[in-house]
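Student: Hey, could you walk me through this one? I have it open and would like to go through it piece by piece.
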Amino acid sequence: MMSAAALPTEPAPATASSASEAASALVQAAERIRDAAARSQPLCIRGGGSKAFYGEPAQAGETLSTADLSGIVSYEPSELVVTARAGTPLSQLEALLAAQGQCLPFEPPHFGGGATVGGMVAAGLSGPARASVGSVRDFVLGATVINGRGQTLVFGGQVMKNVAGYDVSRLLAGSMGTLGLIAEVSLKVLPVAPAEATLRFEMSQEEALRRLNEWGGQSLPLNASAWVDDAGVPTLYLRLRGAVAAVAAACQRLGGERLGDVASDWTASRDLRLPWFEARGDRDLWRLSVPQTAPVLALPDAPYIEWHGGQRWVRALPAEGEGLRRAAQAVGGHATLFIAGGPAAAARPGRLAPLAPTLERIHRDLKREFDPAGILNPGRLYPGI
């Protein structure tokens, strides 16, 4: 696989808050939100700041940190459920799960360190395995959140089959802190797959998309894929995960070159730190979410393709952005300005794909219900939301 650039070392995990300290921090956070609402003072909710670049830039406001809401509340390996406070370092949670042979199968990005559990849910981003195993939202079982009125609300639960009330806990995934301060979340986890293998194939983008769609309809333990122009060589990387016998049989059936240990490369792909991403210079990084069956698109640059064709990263000049949106829409998808480059990056608006009128109304209604004063991370998704 493409050799990965060196990843920065993650900071040492913060000391977990005791139950009493966390309860006190929760009360203080609620009081701050009530006070800010009374003063119409915007609050910028902040975990580790690892995803501050994503979405619209935060408006000026007081910082409300989740650092004091840290620690694992409960973990039942036999039940495949863990509950953690929002400020818990993501690396700490993943280490705890790994010690029990379990994981967060959607592979949440860290983006270089400092990532927290609350930020993971608020951003709603998933890694290479998302197309095969599901997204962050699919693994959220319950959540405790403080809304814009300073009320502490509990949604969902700590079991996989839970149908009590509205599924608000999953609504928080991807909300970017605009609906409330996520204080605690319960997550479904899964055992680490017994076997894993990465296969390498030299093939064009068109052939790779065709093969991925063909393999997707077969009984194969597909887990992740990545197509890239690797130093002038069009290459498809395919990761298999599952039972030992299933992975071995798939390797024999599919052929290709079986690579050695490339776990660090998949991690670098997850965190957008492969050379392909770092070679973009001042160009913007766009994420195109399209149907996996979408054909090769007319793009300004050869893309980096994940999720069996469903996610296509593109490096582009600012003037090429609207063309990317049109290309994605033409095949039933949408485009997001993921990372803006260049000197005018901070001022560039419209990073998320525009909402259809009905969806925009729903977003605004939810914002008014959860945050009537409009003080929580205002504008991080869309103007006024």
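Student: What is the mean pLDDT of the protein?
Tutor: This is a predicted model, and its mean pLDDT is 92, with 91% of the residues reaching 70 or more.

Student: And over which residues is the pLDDT below 50?
Tutor: That is residues 4-15. In the model this stretch has 26 contacts beyond near neighbours in sequence. Still, where pLDDT is low, the predicted coordinates should not be read in detail.

Student: How many bridges join strand 6 to strand 8?
Tutor: Six bridges join them, with strand 6 covering residues 140-146 and strand 8 covering residues 181-188. If you want a pair to click on, take glycine 142, whose bridge partner in strand 8 is serine 186.

Student: Which of its residues are buried?
Tutor: In helix 2 the buried ones are Leu90, Ser91, Gln92, Leu93 and Leu97. As background, an α-helix has 3.6 residues a turn, so residues three or four places apart point the same way.

Student: What do those buried residues pack against?
Tutor: The buried residues of helix 2 pack against strand 3, strand 4 and strand 8, and also against strand 5 (102-103) and helix 3 (117-123). While you are there, look at glycine 101, which follows helix 2 and has a positive phi near 70°.

Student: Now rings. How many aromatic pairs does the structure hold?
Tutor: Eleven. One of them is phenylalanine 277 with tyrosine 304, an edge-to-face pair at 5.1 Å centre to centre and 70° between the planes. The pair links distant parts of the chain, with phenylalanine 277 in helix 10 (residues 275-278) and tyrosine 304 in strand 15, 27 residues apart.

Student: Are those two buried or exposed?
Tutor: Phenylalanine 277 is buried because its relative accessible area is 4%, under the 20% cut-off. Tyrosine 304 is buried too, at 1%.

Student: Why is the pair of phenylalanine 277 and tryptophan 313 edge-to-face?
Tutor: Their ring planes are at 80°, so the pair is edge-to-face, with the centres 5.8 Å apart. Phenylalanine 277 lies in helix 10 and tryptophan 313 in strand 16, so this pair ties together parts that are 36 residues apart in sequence. Tryptophan 313 is buried, as is phenylalanine 277.

Student: Which residues do ring pairs link into a cluster?
Tutor: Phe53, Tyr54, Phe111, Trp276, Phe277, Tyr304, Trp313 and Phe338.

Student: Last topic, loops. Where is histidine 308?
Tutor: Histidine 308 sits in the loop between strand 15 (304-306) and strand 16 (311-316). It has a positive phi of about 55° although it is not a glycine, and it is buried at 9% relative accessible area. Leucine 80 is another non-glycine with a positive phi, of about 60°, and it is in the loop between strand 3 (72-76) and strand 4 (81-85).

Student: And aspartate 261, why does it count as exposed?
Tutor: Its relative accessibility is 72%, so aspartate 261 counts as exposed. It lies in the loop between strand 13 (257-258) and helix 9 (263-270). Its side chain reaches the backbone nitrogen of alanine 263 at 3.1 Å.

Methods:
Residues numbered from 1 in each chain as written. Heavy atoms only, no water. Helix = DSSP H or I, 4+ residues; strand = E, 2+ residues; numbered from the N terminus. Buried < 20%, exposed > 50% of the residue type's maximum accessible area, 1.4 Å probe, protein only. Polar contact = N/O pair within 3.5 Å; in protein donor to acceptor, adjacent residues only side chain to side chain. pLDDT = per-residue confidence, 0-100. Contact = heavy atoms within 4.5 Å. Pairing = 2+ DSSP bridges. Phe/Tyr/Trp six-rings, centres within 6.5 Å; stacked < 30°, edge-to-face > 60°.
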